[in-house]
Amino acid sequence: MSRSYDVAPSAARLTQSLRDIGYNFHTAIADIVDNSVAAGATHINVETVFEPNGSYVLISDDGSGMNQTEAVESLRFGTRRGYELNELGRFGLGLKTGSFSQCRRLTVVSRSHRAKCDVHVVTLDLNRVARDDSWAVLADERSPAIERAVDMLQEAPGTVVVWEDLDRVLPDRYAENGWGRRRLTSLASKTSEHLAMVFHRFIEGSVAHRSEVVIAVNGEKLQPWNPFAPAEPDTKALPQQRFEIEADGGSSFVKFRGYILPARDRFSSSEEFDRMSGPLKWNRQQGLYIYRADRLVQHGGWSGIRGIDEHTKLARASIDFDTNLDEVFQINVAKMKVELPPSLKQMLERPVHELSVLANDAYRRSANAGDRKEASKSAASQVALHEVGVALKAALLEENDLPSFKTAVGTLRRRNPDLADALGL
Ligand SMILES: Nc1ncnc2c1ncn2[C@@H]1O[C@H](COP(=O)(O)OP(=O)(O)OP(=O)(O)O)[C@@H](O)[C@H]1O
Ligand SMILES: [Mg+2]
């Protein structure tokens, strides 16, 4: 029998290096919310609490919750479990990698029993992991934030994820001043914007076989941000197309649907046009919106099929794929990015080209509409100028000062003939 060595990773070193795999505050929260959605939650609350030297974040849900064993397992890097088709989880990592990208102490508080108020509290603390170089999960830790989480589960099952020691969010020197408070507030507002976008189908209630999900950030219920502005009467949805993609376990269909959004002058209001411009604004929000099991993983850009162009800024398209295509799409741990498989890229070239031609046309028609508006505005101002000229002439006639008026008109004609014409002099 050949010899082998079981080389377990160093907990201290691995947890440290996994802190920097590309999350930011709002994408990390989205990864926690993923788990709540996967657990069948219908209400999810994100709370950011500023406390001098003790700020914390709570993400709570009313999903199925976890029993003691599951709660402990949830804190394993690489949770051992299987997944159904189109479950949002994949790597068994998001809870840990997302949380530790922002904080040093992660606690899972959970209750799965409907009748019995059995609340489990398990913690992974990076200070302990570093000190002992071990993966030890601590039981029944207590702090004001954890107490609040336990209180939240007194009535019904669910889970609360607690982030404490927010070293990446509020570095020490800012932990207690006004800058820290403002930073937390601005991160919360960015989080609202991000969650309203990536989970918009869940919030709208448009996901098959699931009731709508209410997500609130600091008590404020999120309105879905649907990139295709379906409520706008002038949004044009093109017919859906399907493309077959080969994967290891057989083939699967990817859905593509193009949309031409209305230009500003055809939107129901200017405010709505601005709201629909999105986090990166119209120009950079054109392009593909890629959904994995109804959760948005990439928003905007053409994935190398074509370039961003002002003239096609009204073009957006949805691409939908199932989790059995995860590997071909190369979904990353933070669920923020995919690679279009080369065969799909090729098949999409034509529909994307057709979409951009239509978008270009809509853009130019609206630009012309803009010109017409400018032209009619300038016609109106010509009439007004003419009236000024007539009124001026009449006033000077009344004053009996026609000779000096004629001299003045002569000078104006020489200096600015267009204006003299417009004034009708
Ligand atoms: N809010 C929750 N409610 C119920 N179970 C949860 C919750 N959060 C986490 N879990 C459990 O913990 C496990 C680990 O979560 P984690 O996010 O680390 O991995 P994952 O969701 O399985 O995969 P991924 O790395 O793709 O997110 C989940 O698979 C789930 O079983
Ligand atoms: Mg997850």
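A: The model is a predicted one, in which local features need pLDDT of at least 70 and side-chain atom pairs count only at pLDDT 80 or more, while totals for chains, interfaces and linings use all residues. Residues are numbered from 1 along each chain as its sequence is written, and chains are lettered from A and ligands numbered from 1 in the order in which they are written. Helices (H or I, at least four residues) and strands (E, at least two) are DSSP runs numbered from the N terminus.

The geometry of the pair comes next. Helix 2 covers residues 25-38 and helix 7 covers residues 178-198; their axes come within 9 Å and cross at roughly 50 degrees. Helix 2 is therefore oblique to helix 7. The axes are lines fitted to C-alpha atoms, for helices over the stretch in contact, and the angles run from 0 to 180 degrees between N-to-C directions. Angles under 35 degrees count as roughly parallel, over 145 as roughly antiparallel, 65 to 115 as roughly perpendicular, and the rest as oblique.

From helix 2, the residues that take part are Phe25, His26, Ile29, Ala30 and Val33, and they meet Leu187, Lys190, Thr191, His194, Leu195 and Val198 of helix 7. By class, this contact of helix 2 with helix 7 holds seven nonpolar, three polar and one charged residues. Here contact requires C-beta atoms, placed from the backbone, within 7 Å of each other. Ala, Val, Leu, Ile, Met, Phe, Trp, Tyr, Cys and Pro count as nonpolar, Asp, Glu, Lys and Arg as charged, and the others, Gly among them, as polar.

(Buried stands for 20 or more other C-beta atoms within 10 Å of the residue's own, exposed for 12 or fewer, and partly exposed for values in between, with C-beta atoms placed from the backbone.) Apart from residues up to four places away in sequence, Leu195 touches Ala30, Val33, Ile215, Val217 and Leu222. The C-alpha atoms of Leu195 and Leu296 are separated by 9.7 Å, although the two residues are 101 residues apart along the chain.

Glu193 is also part of helix 7, but with 15 other C-beta atoms within 10 Å it is partly exposed. The C-alpha atom of Glu193 lies 8.9 Å from that of His26, and 167 residues separate the two along the chain.

Helix 2 and helix 4 (94-100) each supply at least two residues of the shell around ligand 1, and helix 2 gives the most, with four residues. Of the 21 residues around the ligand, Asn35, Ser74, Gly89, Gly94 and Leu95 come nearest; a residue is counted if its C-beta atom, placed from the backbone, lies within 6 Å of the molecule. The shell divides into five nonpolar, 10 polar and six charged residues.

For context, the secondary structure of the chain comes to 14 helices and 14 strands. The chain has 425 residues, of which 37% count as buried. Among contacts with a separation of 6 or more, 69% join residues 24 or more positions apart.

Asp140 has a positive phi of about 55 degrees although it is not a glycine; it lies in the loop between strand 5 (138-139) and helix 6 (144-152). Asp140 counts as exposed, with 11 C-beta neighbours inside 10 Å. Lys335, likewise not a glycine, has a positive phi of about 55 degrees and is placed in the loop between helix 11 (326-329) and helix 12 (342-398). Lys335 counts as buried, with 24 C-beta neighbours inside 10 Å.

Technical notes
Two residues are in contact if their C-beta atoms, placed from the backbone, lie within 7 Å.
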